[in-house]
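Trainee: Please take me closely through one part of this model. Start with a single residue, then show me what surrounds it.

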Protein chains: 2
Amino acid sequence: MDESREHVVDRLIDLLHQAAARDVELLVYPELALTTFFPRWWVEDRADADHWFETQMPGQATKRLFDEAAHLGIGFSLGYAELTPDGHHYNTQILVDRTGQTIGKYRKVHIPGHADHQPWRKFQHLERYYFEESPDGFPVWRGFGGIVGMMICNDRRWPETYRVMGMQGVELILCGYNTPINYAPDPSQDILQGFHNALVMQAGAYQNGTWVIGVAKGGNEEGVESLAQSCIIAPSGQIVAQALTTGDELITATCDLDWCKRYKGTLFDFGTYRRPEVYGIITGQKGVVGPPPAADA
Amino acid sequence: MDESREHVVDRLIDLLHQAAARDVELLVYPELALTTFFPRWWVEDRADADHWFETQMPGQATKRLFDEAAHLGIGFSLGYAELTPDGHHYNTQILVDRTGQTIGKYRKVHIPGHADHQPWRKFQHLERYYFEESPDGFPVWRGFGGIVGMMICNDRRWPETYRVMGMQGVELILCGYNTPINYAPDPSQDILQGFHNALVMQAGAYQNGTWVIGVAKGGNEEGVESLAQSCIIAPSGQIVAQALTTGDELITATCDLDWCKRYKGTLFDFGTYRRPEVYGIITGQKGVVGPPPAADA
């Protein structure tokens, strides 16, 4: 159901109190945490969806969260739909330090799904209708004793996401996500959702020598089952903590950012081993260009 | 031990006969299949290592392999050290069609290890002493009913490797490798060698919707334990066949190249979803450039 922002903030604050009891420094919430995953709904008039977007952060409903987090000295990262003063719509995640100051804002780069109503689907995935592609890429910020970046949901499936941050020395990537179990364009992937989720984040962590924190909504939301399986992944690629339930659940780990050096300083010493002079096609074109047909074809 | 090329070719032909009995179309052999993994040895005079390199392919020892494969109608891919007529040294892998014609040659792009003698190591990893970095990148070829690419060992750890081929529509990537269990610069990674090996190839397969065939030497070679764990990975990222032993062992799978479309045509439809305009740093710089120091640092 589309529960009120006030009720959602109650749940977020409850998790904050659990985190305080475990001496947590940084708490990560999922993508679009304040509302339902509304891209599952088609509305004829795009403006009728604006009530799902935040025009201020903190706003009326979220100020309590910022205040309580600052009071407890816990930093956090929160995903929400953002409507800017000049009318842009983004899928956004922010990083808030332990004093309640917003020190980073990330807007989703890789927007999945479709922009048109597709009634054959059991539910829509209209992210390309509701959200613009961020032009800002993947910045990183200094905070929490290291270099921190963010990504949102589908971004995590793209190796470029991690690499752009890896090239900036990222040590901790925070990722909120919502992943429906059912993937309508190819249901053979449904049973692999958990595997794919872990696979891409583990590979991105290892190949860039960074911690990755993936945080999901879980369970049934408006009739759609979501993956859950939030996890904390070390620079070795190992999952060091994982959610067991599909409900509100806090998982924690001690993330030693110095562990990143074991990978960044050895086989993934980019300055020694990378070969950008033969990678040109990665940035030089958007889609696939295959080889010429075979001579005998 | 450094067994003779003739003896190695006997073993390769034996595998070819096993493959014929299973109706195999394409057989992949490991990296540096014809010799020992000689980068573990330091020689003062670089030219004293040239006896490990092939100046012709097929050459005197390997002609039997080409002839027998063509006779059986089996294509193959073979890794070896290549010394070119103009004196270049490459770590090379070729693709030979079912008539015995060489239709593709790949030279290793990502050369790991070191170029200087490091006596503190139990064994050397002198690939950067013996091999030049290929300037040719990752071409693909039409063959075996699809689009085929190659990579060698350390290449498989780099997402750019798969992506450069993925941008060309690759459906089948053939990878020979030699991975010592002991990683001297950070032995905490030793116990993770098998995990990392599978992780990077599974992620590369999934993220590009391609089959990946990883083929290793296994067991003890001149006192060094190697990983083995050859595997065949589907475009879903699933391992559909894996070597069980560390000896000469044939594993097979039916690789339906049409399965690639389930990924290339849906969530990894590059032409729709990629964002090269924000990937510039991947090709624009070689090493890490971190953010400016924090204002209060």
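Mentor: E31(A) is buried, with a relative accessible area of 0%. Buried means under 20% relative accessible area, exposed means over 50%, and partly exposed lies in between, using a 1.4 Å probe and protein chains only. This is a predicted model: local features need pLDDT of at least 70, side-chain atom pairs count only at pLDDT 80 or more, and totals for chains, interfaces and linings use all residues. Residues are numbered from 1 along each chain as its sequence is written, chains are lettered from A and ligands numbered from 1 in the order in which they are written, and side-chain values use heavy atoms, with hydrogens and water left out.

Where does E31(A) lie? It lies in the loop between β1 (26–28) and α2 (63–72) of chain A. Helices (H or I, at least four residues) and strands (E, at least two) are DSSP runs, numbered from the N terminus. Leaving out residues up to four places away in sequence, E31(A) touches F37(A), G79(A), N91(A), K108(A), E127(A), I152(A), C153(A), G176(A), Y177(A), N178(A), V215(A) and K217(A). Contact here means heavy atoms within 4.5 Å.

P58(A) is found in that loop between β1 and α2 of chain A too. The peptide bond from M57(A) to P58(A) is cis, with omega near 0°. Chain B has a cis bond from M57(B) to P58(B), again with omega near 0°. P58(B) sits between β1 (26–28) and α2 (63–72) of chain B. Most peptide bonds are trans, and most residues other than glycine have a negative phi.

Now the sheet. It is open, has six strands and runs β5-β6-β7-β8-β11-β12 in chain A, with mixed pairing. Two strands pair if DSSP finds at least two bridges between them. The edges are β5 (140–143) and β12 (239–242) of chain A, each pairing on one side only. From one strand to the next, the twist averages 20°. β8 (residues 211–216) and β11 (residues 231–233) of chain A pair in the antiparallel sense over three bridges. There, I213(A) stands opposite I232(A) in β11(A).

Helices pack on this sheet. α4 (residues 159–166) of chain A touches β5, β6 (146–152), β7 (172–177) and β8 of chain A. Its direction makes about 160° with that of β6(A). α5 (residues 193–208) of chain A touches β7, β8, β11 and β12 of chain A, and its direction makes about 25° with that of β11(A). Axes are lines fitted to C-alpha atoms, for helices over the stretch in contact, and angles run from 0 to 180 degrees between N-to-C directions.

How many residues of α4(A) are buried? Eight of its eight are, so the helix is mostly covered. Among them are E160(A), Y162(A) and R163(A).

Two backbone details remain. A228(A) is not a glycine, yet its phi is positive, near 60°. A228(A) is found in the loop between β10 (224–227) and β11 of chain A. At 6% relative accessibility, A228(A) counts as buried. In chain B, F144(B) has a positive phi of about 55° although it is not a glycine. F144(B) is found in the loop between β5 (140–143) and β6 (146–152) of chain B.
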